[in-house]
Amino acid sequence: MRALMAAELLLTLPLFRPFHAGRRLRALSAYRRAQETLRDKPFSVTEPGRQLALAAERAQMTPGEVEQVVDEWMFERPLKYMRFCRAAGLLELVDHLSHQRLELGVLSDYPARAKLEALGLAERFSLVLCASDPDVRAFKPNPRGFFRACERWHLEPCEVLVVGDRIDVDARGAAAAGMPCVIIGRPQRSSLTDRSFLVLPSLERLRCALDDNHR
């Protein structure tokens, strides 16, 4: 996805003056860095518009200008590429879990419903939560979103398995909420104990592991 978006960004550069292109890149970078800054605040609750305001300050732009760039280049343009960038084993894993009659949900720092629709999976997830939702308003690893999912499903934290790709965000948030967690990808350095989460190389391996354990 990053490569495709970078290529599209380069292809559109001739249509704009270099000044405009530089502002666009600066806005995107500032927005991502603003999220990490807010995330690093220990279990803080995000204020509506705080990320945009912080990014605008760093990019020396107005919040409206940053929002326009972010909406176009982070939330709208990538949708057409979603099906081509679908993770290997995702459909098989979703089919397996649905066959087991397990509820599936998404907790994301960004709005995820449009992405699920682009992937053709929106109907397979009974719960879609975002950090900006009024009843969440917190970036991971703050456990508010994890607890909100439990409330919506009427489940205890120990009954919900978190699957993510970042130890410092997903595994740390799951640990704070008392949930088991699987991280997909290569082992990463972490202050969390190895017993607090499991690292698997792929979604295919996760499906096999769940099938082997019959749970």
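**View 1. Pro141 sits in the loop between strand 2 (127–130) and helix 7 (144–153).** Helices (H or I, at least four residues) and strands (E, at least two) are DSSP runs, numbered from the N terminus. Lys140 and Pro141 are joined by a cis peptide bond, with omega about 15°. This is a predicted model: local features need pLDDT of at least 70, side-chain atom pairs count only at pLDDT 80 or more, and totals for chains, interfaces and linings use all residues. Residues are numbered from 1 along each chain as its sequence is written, and side-chain values use heavy atoms, with hydrogens and water left out.

**View 2. His154 lies in the loop between helix 7 and strand 3 (162–164).** Its phi is positive, near 60°, and His154 is a residue other than glycine. His154 counts as exposed because its relative accessibility is 72%. The classes are buried (under 20% relative accessible area), exposed (over 50%) and partly exposed (in between), with a 1.4 Å probe and protein chains only.

**View 3. Gln60 belongs to the loop between helix 3 (50–59) and helix 4 (63–76).** Gln60 is not a glycine, yet has a positive phi of about 55°. At 69% relative accessibility, Gln60 is classed as exposed.

**View 4. Arg33, Lys41, Arg50 and Arg58 form a positive surface patch.** Patches take residues with over 30% relative accessible area and no salt bridge; like charges are joined within 9 Å, nonpolar side chains (Val, Leu, Ile, Met, Phe, Trp, Tyr) within 5 Å. A salt bridge is a side-chain nitrogen of Lys or Arg within 4 Å of a carboxyl oxygen of Asp or Glu. Arg33 is placed in helix 2 (residues 18–39). Arg33 counts as partly exposed, at 41% relative accessibility.

Note on methods. Areas by Shrake-Rupley, 256 points an atom, 1.4 Å probe, with all protein chains shown as cover. Lys, Arg positive; Asp, Glu negative; His and termini not counted. Charge placed at Lys NZ, Arg CZ, Asp CG, Glu CD.
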